[in-house]
Amino acid sequence: MSQPLAESAPLRAPLEIEFDYTRSLGPVLSQFMAALAERRILGARGADGRVHAPPFEYDPVSAEPPAELVPVGPEGTVVSWSWMPDPLVGQPLAEPFAWALIRLDGADTAMLHAVDAGSAAAMRTGLRVRPRWAARPAGGIRDIACFEPCDGPAGAAAGAATAQDIGTERTPGMTITPVRLRYLHTASPGESAYLRGLAAGRLLGQRCGVCGQVYVPTRGTCPADGVTMTEEVELPETGTVTTFCIVNVGYPGQRVTPPYVAAAVLLDGADIAFQHLVLGCDASEVRMGLRVRAVWGETGGISHFTPTGEPDALYETYARSL
Amino acid sequence: MSADVAVVGFAQSPCRVREDATTSGVEMLVPIFAEVFRACGLTKSDIGFWCSGSSDYLAGRAFSFVSAVDAIGAVPPAMESHVEMDAAWALYEAWAKVLTGEAEIALAYGFGKSSGAELRRVLALQLDPYLVAPLWPDSVSVAALQARLGLEAGRWTEKDMAEVAARSRAEARSNPDAQVSGSVTAAELLARPYVAEPLRAHDCAPVGDGAAVVIIASAARARELCERPAWISGFAHQVDSGSLGARDLLAVPSAAGAASAAGAGPVELAELHAPFSHQELLLREDLGLGEEVTVNPSGGALCGNPMFAAGLARIGLAARAVMSGRASRALGHATSGPALQQNLVCVLSGEAS
């Protein structure tokens, strides 16, 4: 048998996640963002007379929506700052810059944004700053590319460093925030063994030393008993459809044309079904008890399952795994 | 609130960068569940309610906490819940479950593989999604804005901050679970470069992976499980505005309010969840902890801050001090959000009410 699970290093791979958050702005922030597109900044006057910039949606004192939005700034004063020597992906500037809390003229609260000051030595609390506007408004807070010292030269509006990844078409009332996160994903020892098995054309499972159930894929820990499993079991590539659904809905990135079947397949000798595709027959022919066989992909791993043509399995043989 | 629920067990994994660990936490959780069950003489079937704290953003996968359920052995089905917060808040939910009588023994656990991605960047996603998060302000930079406000207001100096770090590291020498420890002077620390001026590396919690578990029990069961249970005499959490520029960053009304609501009163020992050195100074002041109070004898979060577990571990450590007789009254604190936005206080006592 193969190397014990614990002795083979877990598999690791970069995992990059990307999604665009598309958010509706609501009445207050819609006005705020629309004003930014016109290179104006609005604040909200609260019940206590204080002006919040950016505006609140609900008054922190009275919980009422703002009675009026009022123009503030566009210049302001640095209230506090920190220095970012090594900007991270997505931040407003690619060269070292300051984060700052900026109280815009006419406001009583501060706004968090970046200041393109060149060096930490040029930053100080009390520094007067003005917005540097993005060349093309996109309908978000990044329509202010950053702030810059009032006593310095005007920076290029939305130069390469402030290029935004967000869509260039502004949709009133909406804002799109792209999120990109990079992880180093580590598979568990059990998952790693399963993946290595698949690459070698083998289906590996594990038997729990307490309850005796056979799990596939290998997963390291018995979910019933919470104990580490050590006994490896090799399973055949045949099994039974315990239950299934027909996918009729399309989505971006879909690799099989609907309608198609996603099924729970109970491999012969396993106690827990796992999910896979059942292809090679009309979706309407798939049924509980259908006998299926793995079809291996060209690059390793199982592409899908397909009917074997054997008589259906009796309900009693898979009922406990439903 | 009457002290009819007690902490009876606590365990935590050492805080380390674990390249071999998955984001599901299972590998970190299985050993500490075994440890705490052994100490309490319990098995999983004795647990009436489970509650976990973790984050999909940290794990980089949806419903990541579901994978962790493997570690609890949820067959037959367990009564289980989850918070997308530090597990100190999971313990709060568990406490409420025991108070209502729906469970006699409950277990809260938290886990975080903080090193799976760039933590300070991932934490930008906890900020206002319209006005702030699109700029990706990282957690260290946001804390640095708070630190500077205090420096310029004369509330603390960079030396005061370095002394917090030096003391924490010295304390952590006796804590095998700490990620950072050692003998270093404030002067030595101050000679090192800034990472986000005015913060240096020693002012910021290290990035580490870990897990923690706390078991609580009703009065009827606590005494049989633990020789000296740590009775929960008060437990409360509060939140301040999410608008960083609209709140006074040099006050933590949610921490003071939670302490007041929990009836904190005088304590001998406090474990404060302060991921940045100046935040310990801020919390000490707002919680009214004088020189006589032993603060963070574990080294605190500055010496090990596994995300979503470190707050629960503060309560566990405070409870351990009571259970071992080192303190008769102790305070565990947890924080969540940017710049101490949300705070929780759990007061533990050697005496039942």
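Predicted model: local features only at pLDDT ≥ 70, side-chain atom pairs only at ≥ 80, totals over all residues.

Colleague: Which residue class has 5 members in the contact of α4(B) with α12(B)?

Modeller: On the α4(B) side you have B:A87, B:A88 and B:L91, and they meet B:G311, B:L312 and B:I315 in α12(B). The contact has no charged residues and 1 polar one. The class with 5 is nonpolar.

Colleague: Now the domains of chain B. Which helix gives the most to the side of domain 1 that touches domain 2?

Modeller: Domain 1 of chain B covers 5-117 + 206-349, and domain 2 covers 119-203. Their contact takes 31 residues from domain 1 and 33 residues from domain 2. On the domain 1 side, α2 (56-59) and α11 (277-286) of chain B each supply at least two residues. The one that gives the most, with 4 residues, is α11(B).

Colleague: And how many charged residues are on that side of domain 1 of chain B?

Modeller: By class, the side of domain 1 of chain B that touches domain 2 of chain B has 17 nonpolar and 12 polar residues. The charged count there is 2.

Colleague: On to the chains. Which element gives the most to the side of chain B that touches chain A?

Modeller: The contact takes 47 residues from chain B and 52 residues from chain A. Elements of chain B that each supply at least two residues include α1 (26-40), α5 (119-122) and β5 (194-196). That side of chain B divides into 28 nonpolar, 8 polar and 11 charged residues. Giving the most, with 6 residues, is α6(B).

Colleague: Last one, in chain A: which residue is the bridge partner of A:R207 in β12(A)?

Modeller: An open sheet of 3 strands runs in the order β12-β11-β13, with antiparallel pairing. Its edge strands are β12 (214-215) and β13 (231-235) of chain A. Strand β11 (residues 203-207) of chain A is joined to β12(A) by 2 bridges. In β12(A), the partner of A:R207 is A:V214.

Methods
Residues numbered from 1 in each chain as written. Chains lettered and ligands numbered in written order. Contact = placed C-beta atoms within 7 Å. Nonpolar A, V, L, I, M, F, W, Y, C, P; charged D, E, K, R; others polar. Domains from an automatic or database assignment. Pairing = 2+ DSSP bridges.
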